[in-house]
Amino acid sequence: MANSDSSLQLSAESLALIDVEVAKYPPDQRQSAVMGALRIAQTEKGWLKPELIEYIADYLGMPAIAAYEVATFYNMYDTQSVGRHKITLCTNLPCTLMGAGELAEHLKNKLGIGFGETTEDGRFSLKEGECMGACGDAPMCLHNNHKMHTHLTPEKVDELLDKLK
């Protein structure tokens with residue numbers, strides 16, 4: 001690997017998980033595992049700083065710009081530092097019609113931050129998300145890209161925030 005910065009090195013466990021993703025594709029198409037590799041790297045490191053994206057690109061034998069394109073296109077990848085608890089609120093039409101706009105204002109007021117911001121204590125980041133495929137359960141949000149919370153109300157949002165403190 002060209003970059004030997006130890007802060008960018010992934011654990012043996014993460015590299016093994018990336019190798020599992022790589023094995024899903026023909027040997028000459030390692031770059032096809034880029035989405036999984038970025039997800040694994042982000043899970044370990046918290047966010048995808050540019051050097052980490054380059055590390056992943058190098059590991060997969062692909063141009064760094066191609067990995068950047070993926071990391072910046074999808075909203076599940078964080079290319080800036082985020083809080084310990086990232087709340088991504090869906091604001092697409094079905095969620096908006098079911099009250100996501102009001103929930104967004106409630107979250108902003110409760111946390112004291114806007115979309116794309118992190119609380120001063122580093123505990124919460126608030127993101128605006130595109131459709132997450134759960135329109136029938138609107139309004140909804142994702143916690144750290146993994147846990148979906150549906151049929152949200154201001155009271156349910158308050159309960160969630162209290163649990164995450």
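Student: Is His 143 buried or exposed?

Tutor: Buried means under 20% relative accessible area, exposed over 50%, partly exposed in between (1.4 Å probe, protein chains only). His 143 has a relative accessible area of 14%, so it counts as buried. This is a predicted model: local features need pLDDT of at least 70, side-chain atom pairs count only at pLDDT 80 or more, and totals for chains, interfaces and linings use all residues. Numbering runs from 1 along each chain as its sequence is written, and side-chain values use heavy atoms, without hydrogens and water.

Student: Which residues does His 143 touch?

Tutor: Contact means heavy atoms within 4.5 Å. Leaving out residues up to four places away in sequence, His 143 touches His 85, Lys 86, Ile 87, His 149 and Leu 164.

Student: With which side chain does the side chain of His 143 make a polar contact?

Tutor: A polar contact is a pair of N or O atoms within 3.5 Å; within protein, one must be able to donate a hydrogen and the other to accept it, and residues adjacent in sequence count only if both atoms are side-chain atoms. Here the partner is the side chain of His 85, at 2.9 Å.

Student: In which strand does His 143 lie?

Tutor: Strands (E, at least two residues) are DSSP runs, numbered from the N terminus. His 143 lies in β4, residues 141-143.

Student: In what sense do β1 and β4 pair?

Tutor: Two strands pair if DSSP finds at least two bridges between them. β1 and β4 are antiparallel, over three bridges. Leu 89 stands opposite Cys 141 in β4. The open sheet has five strands, ordered β2-β3-β1-β4-β5, with mixed pairing. Its edge strands, β2 (117-118) and β5 (147-149), each pair on one side only.

Conventions: Helices (H or I, at least four residues) and strands (E, at least two) are DSSP runs, numbered from the N terminus.
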